[in-house]
Protein chains: 4
Amino acid sequence: MSLKIVTVAPRSALHVEEVEIRGHIIDSLILPKVLDLITGLGGSFLIKQIVIGQERFDPSHALIEVQADSAEKLLAILQQISDHGAVATVLQDCQLTPADMDGAFPEGFYSSTNQRTEVRIAGNWLAVNDQEMDCGVVISADRAQARCVAMTDVRRGDLVVSGHAGVRVLPEERAADRQLFGFMGSSVSTEKPKGVAIREIAHELLRTRAEGGRTLLVGGPAIVHTGSAGHISQMIRDGLIDVLFAGNALATHDIEQSLFGTSLGIHLSHGLPAEAGHEHHLRAINRIRRAGGIRPAVTQGILTSGIMYECVQNHVDYLLAGSIRDDGPLPDVITDTLEAQREMRKRIHGVTFCLMIATALHSIAVGNLLPAWVKVVCVDINPSTVIKLSDRGTFQTVGLVTDVEPFLRALVQELQAERSGAR
Amino acid sequence: MSLKIVTVAPRSALHVEEVEIRGHIIDSLILPKVLDLITGLGGSFLIKQIVIGQERFDPSHALIEVQADSAEKLLAILQQISDHGAVATVLQDCQLTPADMDGAFPEGFYSSTNQRTEVRIAGNWLAVNDQEMDCGVVISADRAQARCVAMTDVRRGDLVVSGHAGVRVLPEERAADRQLFGFMGSSVSTEKPKGVAIREIAHELLRTRAEGGRTLLVGGPAIVHTGSAGHISQMIRDGLIDVLFAGNALATHDIEQSLFGTSLGIHLSHGLPAEAGHEHHLRAINRIRRAGGIRPAVTQGILTSGIMYECVQNHVDYLLAGSIRDDGPLPDVITDTLEAQREMRKRIHGVTFCLMIATALHSIAVGNLLPAWVKVVCVDINPSTVIKLSDRGTFQTVGLVTDVEPFLRALVQELQAERSGAR
Amino acid sequence: MSLKIVTVAPRSALHVEEVEIRGHIIDSLILPKVLDLITGLGGSFLIKQIVIGQERFDPSHALIEVQADSAEKLLAILQQISDHGAVATVLQDCQLTPADMDGAFPEGFYSSTNQRTEVRIAGNWLAVNDQEMDCGVVISADRAQARCVAMTDVRRGDLVVSGHAGVRVLPEERAADRQLFGFMGSSVSTEKPKGVAIREIAHELLRTRAEGGRTLLVGGPAIVHTGSAGHISQMIRDGLIDVLFAGNALATHDIEQSLFGTSLGIHLSHGLPAEAGHEHHLRAINRIRRAGGIRPAVTQGILTSGIMYECVQNHVDYLLAGSIRDDGPLPDVITDTLEAQREMRKRIHGVTFCLMIATALHSIAVGNLLPAWVKVVCVDINPSTVIKLSDRGTFQTVGLVTDVEPFLRALVQELQAERSGAR
Amino acid sequence: MSLKIVTVAPRSALHVEEVEIRGHIIDSLILPKVLDLITGLGGSFLIKQIVIGQERFDPSHALIEVQADSAEKLLAILQQISDHGAVATVLQDCQLTPADMDGAFPEGFYSSTNQRTEVRIAGNWLAVNDQEMDCGVVISADRAQARCVAMTDVRRGDLVVSGHAGVRVLPEERAADRQLFGFMGSSVSTEKPKGVAIREIAHELLRTRAEGGRTLLVGGPAIVHTGSAGHISQMIRDGLIDVLFAGNALATHDIEQSLFGTSLGIHLSHGLPAEAGHEHHLRAINRIRRAGGIRPAVTQGILTSGIMYECVQNHVDYLLAGSIRDDGPLPDVITDTLEAQREMRKRIHGVTFCLMIATALHSIAVGNLLPAWVKVVCVDINPSTVIKLSDRGTFQTVGLVTDVEPFLRALVQELQAERSGAR
């Protein structure tokens with residue numbers, strides 16, 4: 001379907017600018033959001049044209065005149081709505097300011113979102129690489145490349161995009177997502193049919209592998225404490241995990257389990273504390289340190305089972321990031337948090353699906369780095385992890401409030417059922 | 001602003017019906033919701049006219065042709081979208097079916113929402129009284145009155161509205177609400193500025209009293225356990241509570257505190273368990289039963305302080321509803337749950353503001369009975385209470401995840417500050 | 001092992017009484033608790049003899065002289081420690097006071113615990129029947145029988161035990177329990193190996209059936225919402241559930257699922273909302289009301305699957321207790337809460353194992369009624385349910401903070417594995 | 001009181017060792033715990049002498065013969081019970097093994113607890129300095145000093161204590177604690193009288209200052225998000241905080257609030273999102289980076305209010321530890337986690353009271369470092385933080401599940417009331 005709209009009574013306005021929005025602007029709530037921002041920020045609007053797609057997933061298009069009583073207000077509005085995909089129709093190039101020092105942007109720098117973004121250079125729209133929220137955008141010296149750069153990584157002389165002019169954001173459309181994980185929404189309700197969710201996640205893991213995507217697992221130590229290391233090991237052996245991000249704790253307790261049969265000193269086979277078990281994790285770290293690291297420990301035959309062992313044997317690209325609550329840590333842990341972030345950035349290239357399990361710290365850290373088009377499922381028995389992830393801008397997250405071990409047990413069964421053609 | 005829309009390419013459709021939506025249809029997300037329902041249920045649509053209010057709170061208007069490939073599908077769509085305020089433009093009267101037995105509706109009965117509703121009788125729209133979700137609508141014998149009736153209360157021969165034809169729903173518009181409690185939204189995040197929320201609730205309580213509205217407090221025993229009975233007592237003495245709904249537990253522990261200084265056996269003055277304190281609540285109930293009830297106990301000088309005492313002294317209309325976990329109970333408790341529901345229905349007439357504190361059971365029960373235009377604030381340290389309330393249709397609820405005692409302490413201070421003109 | 005202890009320096013004390021404790025008094029922390037209470041309440045003590053069992057589960061025995069500087073203080077101490085099994089060695093009969101009115105005890109009545117209790121009548125210790133916390137103890141007219149009576153059920157003239165003299169409590173010993181569910185303890189930690197817990201619960205269910213015990217399931221509607229009705233149905237068909245206590249909500253949504261395939265309007269097969277699905281539960285109730293109840297609906301072929309259907313077909317003794325948040329309710333629901341309590345009391349006779357799933361209200365209600373020697377496992381994703389249950393005196397509860405559907409799925413698998421001799 | 005115990009029937013045992021326990025061995029549950037461990041690990045025991053203190057807080061004393069059927073089992077038992085204060089009566093020196101490499105202990109190293117510990121060198125008991133859990137104990141070359149050393153800090157040639165022989169642990173006795181924070185216990189119940197807890201914390205803060213102790217505040221960003229930065233600022237100005245441990249987030253949002261009036265982009269004065277507010281925290285960090293750090297920003301007049309400003313002005317020793325979820329970070333943040341741990345160790349010397357607010361990461365990290373005799377209060381609205389802290393061995397923690405802003409508001413009022421002599 002397609003409509004033409006004729007304005008009946010345009011009203012005069014001191015400062016105006018025409019913007020355009022494309023996509024599922026009604027269905028995905030972009031239009032209401034933009035109109036709400038305009039009026040909420042003290043402006044007014046005129047819908048000059050609106051074309052609404054007839055079919056559920058057909059794109060729509062709207063032309064809106066934004067009006068404000070001062071140039072400053074107009075600018076503030078334009079900046080805000082540009083993050084939701086409203087692009088000025090009268091186009092100008094983005095503004096570039098050279099960084100005047102290392103490790104900080106010039107005041108007024110454009111602050112990136114995690115949505116696909118383009119900047120206009122010499123009349124052409126240039127896609128921004130390494131899309132990541134809360135960065136600046138730096139243009140290469142030859143003005144042929146644009147990429148997101150973290151504050152610490154900017155160098156004096158870098159050409160940094162300033163303001164919002166000449167920047168356009170192409171928001172992910174939620175509509176498409178709904179096909180896959182629609183029913184889960186962003187809700188944190190625990191009263192939803194869980195079997196369906198588990199089946200969809202199994203399907204997504206298999207689809208990712210089949211289509212040559214990459215799956216990133218971000219996991220916390222509760223995976224081991226709850227007795228789920230075997231489930232993850234199975235998934236690794238089945239080639240379903242390409243990258244693992246975790247901390248010292250997951251690796252330590254996994255190795256503790258392999259060496260001593262306990263996690264935090266609790267026997268995983270019968271649930272009772274081991275004698276002197278509270279020391280096991282420390283002795284496990286010490287032994288790996290003596291061996292020179294996880295990989296050498298596998299080679300030397302010290303470590304013969306568990307998640308980390310399977311990572312080594314199955315060439316999973318694992319990264320252990322340090323935190324101030326670490327004991328030890330294991331020699332593989334990157335203790336500098338900036339260095340760990342840089343390494344994570346490298347490894348998320350090509351990741352298309354991310355499963356976060358039972359870790360608030362690592363989930364939020366990875367959520368900060370992921371572009372909005374990477375699907376994210378966050379599993380935690382504590383609703384607050386899911387809530388925080390969304391509060392911090394990783395909107396694409398599908399949250400599942402459930403218990404790690406029974407969830408992973410069921411997931412592994414679904415994976416087997418789906419592959420064996422049982423469904 | 002006002003626009004005229006000319007359809008460019010209407011497409012043929014087997015079954016069509018034109019519907020109309022009015023109100024803040026874009027701003028309050030009604031239009032996207034309706035369009036989403038139409039396509040989600042397998043239909044298609046044609047926007048024949050759209051007029052969008054220019055100012056933030058100006059009403060809009062849309063004329064939509066709903067299309068489906070079967071009459072049944074069209075009917076299903078029309079039923080669904082009618083709950084969101086979409087009304088057929090070709091009007092017909094509602095259909096009436098006499099109840100064929102006591103205590104049950106005829107199959108196909110119209111099931112009510114908690115939104116303002118009108119039914120069309122002999123060409124006229126009749127407002128439905130006693131609006132309540134999950135009821136039927138019964139028309140008086142003279143066809144001059146319509147009201148919501150609970151399933152147990154329908155009597156053989158009652159004229160019950162069937163189907164959705166001739167029924168129109170006038171949804172509350174969320175936009176207006178935003179003025180007052182906007183920032184809290186339906187979020188259950190604990191990371192919000194709490195001082196602002198407390199100030200707004202204080203303001204709302206004072207405004208309700210000033211404007212002659214009625215405030216209903218729905219409270220659980222944690223009010224007493226956390227040491228907050230004094231704060232509620234103060235609010236009652238200040239005339240800020242008109243109606244109290246609670247259970248046996250709140251009243252029992254309040255009386256336990258008054259008689260023994262403990263709640264669930266814990267001394268509220270120093271937090272330590274009393275000797276034989278676990279028996280105190282039982283002895284408190286026994287003493288009130290011996291006196292013949294709360295009111296007689298006040299008259300006889302047995303009960304001289306606390307929430308229930310203040311209710312009696314300040315003519316607060318209190319209702320204690322029974323539950324299967326009650327000890328005793330107190331003689332005032334209505335142990336039949338249907339009888340308790342009927343009494344609650346009587347007392348919510350005229351209630352304009354409802355404060356729910358620390359009780360999932362009573363909050364959901366009252367939420368079921370309240371029409372959508374009564375403002376509801378639900379305070380609980382457990383996010384699940386707030387989530388459940390919204391899941392069950394009490395959409396207007398503003399949730400505040402916080403701790404009862406410090407919250408009420410701060411609320412009483414805000415009330416004093418606001419009245420003393422300190423702000 | 002057996003020791004004799006000779007007091008070195010007994011000190012004078014104004015008011016003294018000798019008490020005796022038997023059982024695992026050190027291992028199960030009874031002795032420390034009693035000594036702590038004595039000194040905490042201002043008294044002092046002299047351990048006159050102590051015999052400590054050599055083997056882990058051998059009983060021990062202690063003879064303690066309690067000392068206080070006033071008769072009142074001594075009495076208060078004796079009352080408190082008697083609840084923990086300390087019995088005066090100089091024995092006296094219990095004191096009886098006739099009830100002076102219906103529905104209330106005389107002041108000073110003995111308030112019962114949920115532990116095995118005996119009262120001394122004419123020099124003989126008489127076991128108390130129907131043991132239940134927060135009741136009085138009534139002696140039959142012929143003084144040959146003693147039983148716990150709820151406050152509402154006492155009748156004028158009943159002989160009610162007063163004070164603590166002549167009453168002795170025989171506490172359950174936690175030591176024995178540890179064998180079975182030891183590792184779970186009372187902890188609410190979510191970071192425990194869940195597979196072990198599930199295996200132990202499966203084992204307990206099978207053992208109960210094999211030994212002729214009775215298993216009571218107390219369940220909330222989240223069982224249905226999360227898509228777990230099939231798991232419970234399987235357990236019923238396998239003869240593992242003897243009694244079901246639930247509310248209107250579990251039965252309603254179970255029937256909604258059977259009739260419409262939805263729970264609270266959400267399709268359990270694909271997790272998406274059904275059209276007009278929010279009305280389904282109401283239509284389900286209406287249809288059962290029209291049929292005259294659940295059993296007639298099964299007979300008439302209206303209800304052909306689900307938990308309630310299986311209860312009818314497999315002669316599970318089910319009880320639906322009303323609450324004020326009920327829609328409808330179903331005709332089978334007992335709407336009077338006192339009547340519901342009386343019916344629950346009848347049905348818990350002979351129950352030896354109780355599994356509580358996803359309901360705070362019913363779990364606490366049933367916990368109030370159960371004697372301390374019935375094993376209780378409480379499963380909820382919300383830790384607060386487990387915490388409240390213990391706070392309210394159902395100390396024997398083993399709490400498992402996990403998600404209902406994956407938990408029940410794994411439990412059914414464990415049951416099958418254990419029966420098939422797979423382990 | 002004092003008793004002599006004569007063994008009646010000692011039984012033969014293959015391997016025996018006599019141990020001694022002192023302190024409140026019954027009252028504080030040490031004796032039951034030790035006996036439980038002995039039998040739980042497969043040994044048996046003979047209580048050869050027991051002297052029980054008469055007054056509530058008088059120390060007791062027990063002499064126990066531990067028996068096991070193999071030397072290995074006996075050793076395992078002795079190791080376990082030594083952590084609870086059971087010391088062999090036949091004394092031997094601790095065993096020392098030189099470290100054979102940097103950064104790892106020799107296998108079999110003694111793993112420390114957070115309790116006061118002594119090691120026996122040349123017949124003398126030497127107190128261990130820098131007591132910290134999960135470390136090794138290193139003896140100085142002249143054998144005159146012993147101290148806890150983290151795994152990463154051990155150097156080749158260091159003399160490391162091996163095994164448990166010659167090590168004795170002097171557990172903190174919980175009895176004494178009960179005086180102060182007794183009622184709160186380790187429970188995570190939300191249904192406790194909160195006013196009492198707040199009053200006790202206020203009292204402890206003032207007592208610490210009056211007695212020359214040091215108070216460490218460990219805080220998360222929710223302090224700022226909930227609008228509580230002003231309360232903490234007040235406490236700093238009043239000299240109640242000596243040391244602050246936090247992360248980049250608390251400092252960033254505190255500075256964001258000072259510069260822009262928002263926290264995570266939410267206006268703290270009215271709770272509504274600011275225009276482009278999600279960028280504010282990034283612009284705040286950038287501005288501080290441009291200034292060269294927090295202290296320079298204060299000096300240059302850029303930062304003029306808030307927690308960090310008050311720290312600078314009032315000479316609070318603050319430490320910001322990095323994490324992988326940090327944006328920026330601020331120049332003051334220590335990004336290497338091992339370096340941050342070392343700096344924290346330095347600053348906790350002399351700390352006598354620790355208040356942890358709304359941060360799981362930093363609370364657990366600091367809990368790992370603190371000796372057991374430093375009082376810890378952990379405040380969080382999420383019970384899981386408190387549960388995790390105890391699970392990980394910081395047993396002395398008193399948990400308070402409450403909401404940050406109303407809690408701190410009430411705390412500041414209590415502090416003012418107590419100082420003004422209002423109570």
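## Helices α1 and α2 of chain D

In this predicted model, helix α1 (residues 30-40) of chain D packs against helix α2 (residues 71-82) of chain D. Their axes lie 10 Å apart and meet at an angle of about 160 degrees. An angle over 145 degrees counts as roughly antiparallel, and that is therefore the description of α1(D) relative to α2(D). The crossing of the two helices is right-handed.

Which residues make the contact? From α1(D) come D:Val34, D:Leu37 and D:Ile38. From α2(D) come D:Ile77, D:Gln80 and D:Ile81. By class, this contact of α1(D) with α2(D) has 5 nonpolar residues, 1 polar residue and no charged ones.

## Helices α4 and α14 of chain D

Helix α4 (residues 194-210) of chain D packs with helix α14 (residues 404-419) of chain D. The angle is about 55 degrees, and the axes are 9 Å apart. That makes α4(D) oblique to α14(D). Here, too, α4(D) passes α14(D) in a right-handed crossing.

On the α4(D) side, the contact uses D:Ile198, D:Arg199, D:Ile201, D:Ala202, D:His203, D:Leu205, D:Leu206 and D:Arg209. On the α14(D) side, it uses D:Phe407, D:Ala410, D:Leu411, D:Glu414, D:Leu415, D:Glu418 and D:Arg419. The contact of α4(D) with α14(D) divides into 9 nonpolar, 1 polar and 5 charged residues.

## Helices α7 and α8 of chain C

In chain C, look at helix α7 (residues 248-260) and helix α8 (residues 280-291). Their axes come within 8 Å and cross at roughly 95 degrees. Angles of 65 to 115 degrees count as roughly perpendicular, so α7(C) and α8(C) are roughly perpendicular to each other.

Helix α7(C) brings C:Asn248, C:Thr252, C:His253, C:Ile255, C:Glu256, C:Leu259 and C:Phe260 to the contact. Helix α8(C) brings C:His280, C:His281, C:Arg283, C:Ala284, C:Ile285, C:Arg287 and C:Ile288. The classes are 6 nonpolar, 5 polar and 3 charged residues.

## An open sheet in chain B

Chain B holds an open sheet of 6 strands with parallel pairing. The strand order is β17-β14-β13-β18-β19-β20. Which strands stand at the edges? They are β17 (317-321) and β20 (397-401) of chain B. Each has a single partner strand, so one side of each is left without a neighbour in the sheet. Neighbouring strands are turned by 15 degrees against each other on average, direction ignored.

One pairing in chain B can be followed in detail. Strand β13 (residues 214-219) and strand β18 (residues 351-357) of chain B run parallel and are joined by 6 bridges. B:Leu216 has B:Cys354 in β18(B) as its bridge partner.

## Chain A as a whole

Chain A has 14 helices and 20 strands. Of its 423 residues, 63% are buried. Among contacts in chain A between residues at least 6 apart in sequence, 68% join residues at least 24 apart.

## Loops: cis bonds and positive phi

Two cis peptide bonds can be picked out. In chain A, a cis bond joins A:Gly328 and A:Pro329, with omega about 0 degrees. A:Pro329 lies in the loop between β17 (317-321) and α11 (337-347) of chain A. In chain C, the peptide bond from C:Gly328 to C:Pro329 is cis, with omega near -5 degrees. C:Pro329 is found in the loop between β17 (317-321) and α11 (337-347) of chain C.

A:Ala358 is not a glycine, yet its phi is positive, at about 60 degrees. A:Ala358 sits in the loop between β18 (351-357) and α12 (360-369) of chain A. Its relative accessibility is 17%, so A:Ala358 counts as buried. B:Arg143, also not a glycine, has a positive phi of about 60 degrees. Its loop runs between β9 (136-139) and β10 (146-149) of chain B. At 44% relative accessibility, B:Arg143 counts as partly exposed.

## A buried glutamine in chain C

C:Gln115 lies in the loop between β6 (95-98) and β7 (116-121) of chain C. Its relative accessible area is 14%, so C:Gln115 is buried. What does C:Gln115 touch, not counting residues up to four places away in sequence? The list is C:Gln131, C:Val169, C:Leu170, C:Pro171, C:Glu172, C:Ala372 and C:Trp373.

Definitions and conventions
Residues are numbered from 1 along each chain as its sequence is written. Chains are lettered from A and ligands numbered from 1 in the order in which they are written. This is a predicted model: local features need pLDDT of at least 70, side-chain atom pairs count only at pLDDT 80 or more; totals for chains, interfaces and linings use all residues. Side-chain values use heavy atoms; hydrogens and water are left out. Two strands pair if DSSP finds at least two bridges between them. Helices (H or I, at least four residues) and strands (E, at least two) are DSSP runs, numbered from the N terminus. Axes are lines fitted to C-alpha atoms, for helices over the stretch in contact, and angles run from 0 to 180 degrees between N-to-C directions. Angles under 35 degrees count as roughly parallel, over 145 as roughly antiparallel, 65 to 115 as roughly perpendicular and the rest as oblique. Contact means heavy atoms within 4.5 Å. Ala, Val, Leu, Ile, Met, Phe, Trp, Tyr, Cys and Pro count as nonpolar, Asp, Glu, Lys and Arg as charged, and the others, Gly among them, as polar. A crossing is left-handed if the near helix is turned anticlockwise from the far one by less than a right angle, and right-handed if clockwise. Buried means under 20% relative accessible area, exposed over 50%, partly exposed in between (1.4 Å probe, protein chains only).
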